[in-house]
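Q: Please take a close look at one part of this model, the place where the two chains meet, and describe the chains on either side of it.

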Amino acid sequence: MKIQTRSDLDALRDRGLSTLYPSGVRINVGMATCGLATGAADVYRAVRDEAGARGLELTLVATGCLGYCQQEPLVDVRLPGRGRVLYARMTPERARDLVAALASGELPAENALAIIPAEENPDPGQASGALPDVPLIGELPFYARQRKIILRNSGMIDPESIEEYVARDGYLALVHVLLDLPPQTVVDEIVQSGLRGRGGGGFPTGCKWQICRDAPGEPKYVICNGDEGDPGAYMDRTVLESDPFSVVEGMTIGGYAIGANEGTIYVRDEYPLAVERVSHAVARAEELGLLGQDILGSGFDFTLQVVRGAGAFVCGEETALIASIEGGMGEPRPKPPYPATSGLWGQPTVINNVKTWASVAPILARGADWYAGIGVEGNAGTVVFSLVGKVANTGLVEVPMGLTLREMIEGIGGGGLDGRAVKAVQTGGPSGGCLPARLFHLPIDYETLTQAGSIMGSGGMVVMDEDTCMVDVARYFLKFTMAESCGKCTPCREGTRHMYEILTRIVEGEGTEADLELLEEVATWVKAASLCGLGQTAPNPVLSTLRYFRDEYDAHVVEKRCPAGVCRALIELVIQPELCTGCGLCERECPVGAISGEKKEPHIIDPELCTRCRICYDVCPVGAIEIVR
Amino acid sequence: MVNLTVNGQQVSVPEGSTLLQAVRAAGVDLPTLCHHDGLAPYGACRLCMVTITAPRRALVASCAYPVEEGLVVETDDAEAVAARRLALESLLSRCPQSEAIRELAAGEGVTASRFGEHPPERGEELCVLCGLCVRVCREIIGASAISFVGRGTERRVSTPFDVQAESCIGCGACAEICPTGAIQIEDRGNKRILHTWNTTVELHTCPECGRFFAPEPLAFLKEMFPEAADTWALCPDCRRRRTALQWIEQAPG
């Protein structure tokens, strides 16, 4: 069957609604990579088997990620007439108990995290009354400030069901665009919406589209950059795994707007589930005629291919990504010319990030003014962050632009892990900077973060507390960029190594004050003189920590002391005899045999043998091990 | 023509020129390593950095930046000079034995490096990774016998799998273009040994004088130039003699 008319699409929508809101029980198990890593597949099987054993008929769906990774595996249960409840930290055993309760017509209170309200449940029933102590999902601090546009369907639908995507207003935008709007009007809408590149650069998307549309040369191409590689970041993976049709629809609209008939989705090869899901989505859209020849009878042809990334971080840089698609080495080239005028095969090419493409359909469906009204002046719409590190609530978060770092970290994130004080946050992955807690009043927008010495980046947000050494952090990220530099240009190849070596000297207690000056000089050079964005941003962790945490550098260099107690050469582990019970656990666990002592007598650590691995510190049941800084 | 200002001096260059061409047209000398007039712009060594001061400020590699009407360019402002010096200081630490690099560095006032010598495990390193050899082999010769291998600090140039390159024609353009003399080629008997590329090609013997003069793989030239069918096999001296004789025979009277 091909979708040709609006009523064909309505038929698809009805089928989607019938599985989203069936007359029987529907259970969603969050099975994006994050859920699978916490054992969601076992939970899924337990639900299936228990329901089978009890003869309970249900619609069991492997959905994508709901964002609250901390609480996974997450199971979302809709019991018609009773309500819809989200259960957290499920295990196969808990899942079996849950199914047993459902079989007797009950939504149990055990493990219930939140009630999903009426807008996501056409038949809310009595759930609120039935579970008086369970909050609404919007009342959870983690979800309270979120606004989901990019992640609108993530965790809510079967990522392999185009019917469920359509049931949640998917493809409304494409139908409207192809049947009602000339291509230039589509570009105008994107310009007016204020959407900016969500890959981190923040270039106005509509402006890029206009340049490409106006550029001479046929054919033109669109590309989706899904080569996400920042440590601790998984926004793009989640979108591709949880709602691949949103990217396919966005790219189809983009192709129509700029005059391209071919597009490429470039996905990091280390994301096998994302590759699988998005390939499936492309095939399904082709089957239904939503990709291919003469889409919806509009005369517009558009095809998509999925290309698996070549395994290099630098391939996320747009010119390197294009070289990689062309079969060359993933190496950037100088700009200008920009891809919008000379991109894939030298032709005009729009390349946007996964999240940018996923933002397109809602803008066209609901209007540029609606989108421009979200966020703040000059920074419209929403942005997705993966909030990780030493923070109480971790997960994938979508918020309007302009939220402050404090609202993000203390509000949504719930503050430091185990109630500890948060010291800094790094935004933008290895290319970003570390901002201190005293700047948490700053709003999250492209310009503010750049001025503060960090970047918006693609959406990594790593929270650090007093146990994090900022020099060690800078060194960690430099090690990453040094290894991922393609090596083409001198500043990035040689400069990242110089910085890494200087930082290594400092954490080993060999650093001098001259080293600090040299470090800053090299960092400034690499930032200014590198060929591509990787090198131009690689020094940010160094420059920002030098700017905001100079005292920690001075402590390492002058006092030969690591205030956070992290750098091995600058700390010593000592057993406090008045606390040690002589249980012998540390002695058994020490990998180098550095601990000795009589049973039930205080033990001691031989500093000559000790490698400062901290295993003793972690295993001591009474906290008798002290880190001497 | 495009008009711009270089160090306060007006210059006009043809449309499509690079900033480096404009800078040189203004009579200003800039060091380069990865640039060659016969190859496409590459922008890797970052020696030819200049500062654009108007209409917007930017530090750019002049070799890869297309000229624009009205650009104002400074080659010797502090940022550009610092960028050149640090690049040379880095290359000096990479290749302290390279005469060419020492000279270039000295030209910018850099005589010693504050960075340790690298990479110590490779001994005498002369390659600065400018990529001229790779690009001349691909863009001009069309053989693509060598390529970059690895990335970042592991980056180097080699043949596929570090063994004899099947597509190498032994032309020696790589060694000819290398600015630091890092590529070792030797003609020994009827063999040309490209030591750096673990590759050996047979040399062709001149049927008239018996001298070895060109790599065998160049035999494809006779298909490319059918008019040379009966002279292609000759060494340059014998070919000149043969051609001269033909002219004498064909001379009127």
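A: In this predicted model, the contact between the chains takes 26 residues from chain A and 27 residues from chain B. On the side of chain A that touches chain B, the elements that give two or more residues are α19 (470–484), α20 (490–507) and α21 (513–529) of chain A. Of these, α20(A) gives the most, with 8 residues. By residue type, the side of chain A that touches chain B divides into 15 nonpolar, 5 polar and 6 charged residues.

The setting of this contact within chain A may be considered next. The domain assignment of chain A gives domain 1 (11–144), domain 2 (162–371), domain 3 (376–465), domain 4 (470–557) and domain 5 (571–628). To their contact, domain 2 of chain A brings 20 residues and domain 3 of chain A brings 18 residues. On the side of domain 2 of chain A that touches domain 3 of chain A, α11 (235–242) and α15 (354–366) of chain A each supply at least two residues. That side of domain 2 of chain A divides into 6 nonpolar, 9 polar and 5 charged residues.

Chain A as a whole has 26 helices and 20 strands. Its radius of gyration is 26 Å, close to the 25 Å that the globule rule gives for 629 residues, and chain A is therefore as compact as a globular protein of that length. The C-alpha trace of chain A spans about 80 × 65 × 40 Å along its principal axes. Buried residues make up 56% of the 629 residues in chain A. Among contacts in chain A between residues at least 6 apart in sequence, 72% join residues at least 24 apart.

Chain B has a radius of gyration of 23 Å, whereas a compact globule of 253 residues would have one near 18 Å. Along its principal axes, the C-alpha trace of chain B spans about 65 × 55 × 25 Å. In chain B, buried residues account for 36% of the 253 residues. Of the contacts in chain B with a separation of 6 or more, 51% come from residues 24 or more positions apart.

How values were computed
Residues numbered from 1 in each chain as written. Chains lettered and ligands numbered in written order. Predicted model: local features only at pLDDT ≥ 70, side-chain atom pairs only at ≥ 80, totals over all residues. Contact = placed C-beta atoms within 7 Å. Helix = DSSP H or I, 4+ residues; strand = E, 2+ residues; numbered from the N terminus. Nonpolar A, V, L, I, M, F, W, Y, C, P; charged D, E, K, R; others polar. Domains from an automatic or database assignment. Rg over C-alpha atoms; globule rule 2.2 N^0.38 Å. Buried ≥ 20, exposed ≤ 12 C-beta atoms within 10 Å, placed from the backbone.
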